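Hi,

Here is the structure we talked about handing over.

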Amino acid sequence: MPFTPFHMGPGAAIKAVTGRYFSLTIFGFAQVAIDLEPLIRIVRHDSVLHGFTHTYLGAFTIGLLTLFMGKIVCQWLLRSWNFLLNFKYLKWLQVNSKISWFAASTGAFIGTFSHVLLDSIMHADMQPFWPISSNNALLNFIPGAWVYLLCSILGVIGLMSLFVIGLWNKWAIEIE
């Protein structure tokens with residue numbers, strides 16, 4: 001996919017289902033990190049855009065990096081977000097800024113492996129199982145437009161669910 005935000009759709013749906021066991025911010029951090037290589041290759045006008053980072057070995061490597069770097073960066077971003085929303089009418093938008101190691105791990109590795117999986121369906125220059133195989137058996141497994149549609153639908157459902165869950169949790173706390 002040419003745009004990382006499409007990958008966030010499945011992440012939002014996973015977050016809605018798994019709650020505190022999955023970090024959506026680290027998932028997003030992993031999406032950006034894994035797409036740095038294609039961005040650099042686009043700028044350099046390379047013929048192959050998806051190299052090492054878009055293999056499962058690369059996904060594991062990027063997952064490890066985003067696990068450790070992402071936990072630090074994302075917790076800082078969430079604390080900053082909460083500080084900016086420290087006003088009477090915006091406090092309801094504050095989030096928990098602590099990310100457990102388990103949530104960080106699931107966010108990082110589901111982020112990188114799902115990215116390679118989805119891109120494998122759409123990009124002919126990918127070799128997801130390198131160095132074991134140079135084949136891309138998933139290429140055109142389903143039409144690319146369906147992948148975009150699926151990611152978009154999952155994003156809408158995930159974000160709506162997160163909003164409802166968030167409102168429910170705030171409402172339930174106020175009743176107690």
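Gln75 counts as buried, since its relative accessibility is 14% (buried is under 20% relative accessible area, exposed over 50%, partly exposed in between, with a 1.4 Å probe and protein chains only). Bear in mind that this is a predicted model, where local features need pLDDT of at least 70, side-chain atom pairs count only at pLDDT 80 or more, and totals for chains, interfaces and linings use all residues. Residues are numbered from 1 along each chain as its sequence is written, and side-chain values use heavy atoms, with hydrogens and water left out.

Leaving aside residues up to four places away in sequence, Gln75 touches Gly70, Ser97, Lys98 and Ile99 (contact means heavy atoms within 4.5 Å).

Now the rings. Rings of Phe, Tyr and Trp (its six-membered ring) pair if their centres lie within 6.5 Å; planes under 30 degrees apart are stacked, over 60 edge-to-face, and the rest tilted. That rule gives nine aromatic pairs. One of them is Phe22 with Phe27, a tilted pair at 5.5 Å centre to centre and 55 degrees between the planes. Phe22 and Phe27 are both buried. Phe52 and Trp130 are edge-to-face, because their planes stand at 90 degrees, with the ring centres 6.2 Å apart. Phe52 is partly exposed at 37% relative accessibility, and Trp130 is also partly exposed, at 40%. Ring pairs also join Tyr56, Phe60, Phe109, Phe113 and Phe129 into a cluster.

Cheers
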